[in-house]
Amino acid sequence: MDLYLLAELKTISLKVTTVDMQKPPPDFRTNFEATPPPILIDNGLAVLENEKIERHIMKNIPGGHNLFVQDKEVASLIENLYSKLKLMLLNKNDVSINNLLKHLRKINDHLGKKGTRFLTGDTMCCFDCELMPRLQHIRVAGKYFMNFEIPMTLNHLWRYMLNMYQLDAFTQSCPADQDIINHYKQQQVCKYIYLLFNALFYNYLTVVIIIIGK
């Protein structure tokens, strides 16, 4: 999303290519083997891993340093939001739902206190590029799997999201709702396979121990 914003500001020319990691094209396998996205290619130079990509944007792309502001309070505020969504989808209980709501209220209160369009001011920064995709996952996956909705009473948070929905940088980089849902469905399938394997393995060990014991 950071790069989409810079492209919107016309500081860079951006081309995004999606890759199916189940069936990567031959040129991708040749150049990057099993390296997972994202991968940034700038004038032929390939930059791998999120942290290295961020540093490259800050040092080499015009305007990039303006995205990565230092704000420990905001960093701490948004840090564990995504993990609370995953816990809610995993546990499906009132405790996990209330923990997520409590975190959303803290963000809402911060935005109300700040009185700006975005987390740190009236200009987007790296924290907004992290927060808004997480909020979108909460809206889509939370509604689909748990019938969870962000309360309308969190008016500062809703105003923030509406501001983000008006930005091409977000709408062009945001995955489709169905892709988000499929992502969590796939995670659930992997979890069930893991649990099934553990159950079968445990039963196998039990049988072996009984046979040896006899």
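I call a residue buried under 20% relative accessible area, exposed over 50%, and partly exposed in between, using a 1.4 Å probe and protein chains only. This is a predicted model, so I took local features only at pLDDT of at least 70 and side-chain atom pairs only at pLDDT 80 or more, while totals for chains, interfaces and linings use all residues. Residues are numbered from 1 along each chain as its sequence is written, and side-chain values use heavy atoms, with hydrogens and water left out.

Aromatic pairs. I paired rings of Phe, Tyr and Trp (its six-membered ring) with centres within 6.5 Å; planes under 30 degrees apart are stacked, over 60 edge-to-face, the rest tilted. I found three aromatic pairs. Phe118 and Tyr160 have ring centres 6.4 Å apart and planes at 80°, so I logged them as edge-to-face. Phe118 sits in the loop between helix 6 (94–114) and helix 7 (126–146) and Tyr160 in helix 8 (residues 155–165), so this pair ties together parts 42 residues apart in sequence. My helices are DSSP runs (H or I, at least four residues; strands are E, at least two), numbered from the N terminus. Phe118 is buried at 3%, and Tyr160 is buried at 1%.

I also looked up Tyr144 and Phe145, an edge-to-face pair at 4.9 Å centre to centre and 80° between planes. Tyr144 is partly exposed at 44%, whereas Phe145 is buried at 18%.

Salt bridges. My rule was a side-chain nitrogen of Lys or Arg within 4 Å of a carboxyl oxygen of Asp or Glu, and it gave two. Glu130 bridges to Arg134 at 3.2 Å, N to O; being four residues apart in helix 7, they are separated by about one helical turn. Lys143 bridges to Glu149 at 2.9 Å, and Lys143 is partly exposed at 36%.
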